[in-house]
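The following exercises concern the structure shown below.

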There are 2 protein chains.
Amino acid sequence: MSTPGTAQLAPRARVVELLERRGVTATQQRVEVGQVLFACPQHLSADQILERVLAMGARVSKATVYNTLNLFSERGLVRTLSIDGDRQFYDPTTAPHHHFYNVDTGELIDIPADALALASLPAPPAGTAHERIDVIIRVRSS
Amino acid sequence: MSTPGTAQLAPRARVVELLERRGVTATQQRVEVGQVLFACPQHLSADQILERVLAMGARVSKATVYNTLNLFSERGLVRTLSIDGDRQFYDPTTAPHHHFYNVDTGELIDIPADALALASLPAPPAGTAHERIDVIIRVRSS
DNA sequence: CACAAGGATGAGAATTGTTCTCATTCCATC
DNA sequence: GATGGAATGAGAACAATTCTCATCCTTGTG
Ligand SMILES: [Mn+2]
Ligand SMILES: [Mn+2]
Ligand SMILES: [Zn+2]
Ligand SMILES: [Zn+2]
């Protein structure tokens, strides 16, 4: 039994703490975006985040949602996923992990880092250093 | 000593054969796109392909380049890569392999499938079947 | 507790990669 | 050489994202 229009949200206090730990000023809108984004492990588009923030009764603009997500991404509060050419998804789980992507439904499912062994990693090209590894396992509904 | 404006191209006959093997009618424009795309292992955007086809003196439109790349992609002649939210890259190497992506320069480098061991693959979610695995190793210029 | 000063916000325009429309052109087949 | 269906292309349309810049907040200061 869920109250319509009242999705689960991360508590403001927890969001404020997360932002301040990364040196991000905890403004009204950033906290509201964070309450939606950090509610649970999930993968949301900018549009979905905007919808949900508006649904919780807050007032935010599209520009601020994008500003905020880009800032969160720079500060390591969110991971940006590009799985197709359409839109990006924002992933509150920043620890290393991977994804199943259902090409038919668009669904994204987390794969814990330790559920997938990457052996014999090739050395990065000369003059470069590893930053992060993304594994996307594309699946079809069968 | 390279002749300016005359980049290396795949021979028309080879391209025609590739297309016909996949049941794709070998029209003038499709063959020209193929000559650019199948010239060597590489990763080009639609715009780069258009530029190069025009540079070889052929007449093609943007719409046809996109039509052709989407058709090639459906027929398994090219693999589409989404590495950031900006544009897609088209990869003539359709056999399984992976990529280094230099986030500073935008450079994409192939990693042969056998240079990277993926052990203990998790089972696909119920009701789905593996389609393909993409590993992208993001690196920074250091 | 006013009060700057700089940072954040937002309405809407701009940008850009990609798709769509549909009239025209091409091509395989007869 | 005709012809019917597929392919092409100019340009409009779309959609995700960014930009502009006037207005609004925050935060520290007096
Ligand atoms: Mn971006
Ligand atoms: Mn596409
Ligand atoms: Zn995830
Ligand atoms: Zn490749």
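This is a predicted model, in which local features need pLDDT of at least 70, side-chain atom pairs count only at pLDDT 80 or more, and totals for chains, interfaces and linings use all residues; side-chain values use heavy atoms, with hydrogens and water left out. Residues are numbered from 1 along each chain as its sequence is written, and chains are lettered from A and ligands numbered from 1 in the order in which they are written.

**Exercise 1. Describe the protein surface near DNA strand D.**

Step 1. DNA strand D is surrounded by 16 residues, of which the closest are A:Y66, A:Q88, B:T27, B:S61 and B:T64. A residue is near a strand if one of its heavy atoms lies within 4 Å of it. Of the atoms of DNA strand D that come within 4 Å of the protein, 84% belong to sugar and phosphate.

Step 2. Consider next the polar contacts, pairs of N or O atoms within 3.5 Å; within protein, one must be able to donate a hydrogen and the other to accept it, and residues adjacent in sequence count only if both atoms are side-chain atoms. Phosphate oxygens of DNA strand D lie 2.5 Å from a polar side-chain atom of A:Y66 and 2.6 Å from a polar side-chain atom of B:T27. A:Q88 instead places a backbone N or O atom 2.9 Å from a phosphate oxygen of DNA strand D.

Step 3. Two or more residues each come from helix 4 (62-74) of chain A and from helix 2 (28-37) and helix 4 (62-74) of chain B. Helix 4 of chain A gives the most, with four residues. Helices (H or I, at least four residues) and strands (E, at least two) are DSSP runs, numbered from the N terminus.

**Exercise 2. Locate B:T68 and identify its contact with B:T64.**

Step 1. B:T68 belongs to helix 4 of chain B. With 2% relative accessibility, this residue counts as buried; buried means under 20% relative accessible area, exposed over 50%, and partly exposed in between (1.4 Å probe, protein chains only).

Step 2. A polar atom of the B:T68 side chain lies 2.7 Å from the backbone oxygen of B:T64.

**Exercise 3. Which residues are the protein donors of the zinc ion (ligand 3), and where do A:H43 and A:H97 lie?**

Step 1. The donors are A:H43 (NE2), A:D91 (OD), A:H97 (NE2), A:H99 (NE2) and A:D110 (OD), at 2.0 to 2.2 Å from the zinc ion. Donors are N, O and S atoms within 2.8 Å of the metal (3.2 Å for Na, K and Ca); water is not among the atoms, so sites may look incomplete.

Step 2. Because A:H43 lies in the loop between helix 2 (28-37) and helix 3 (46-55) of chain A and A:H97 in strand 3 (residues 97-102) of chain A, the pair ties together parts that are 54 residues apart in sequence. Both A:H43 and A:H97 are buried.
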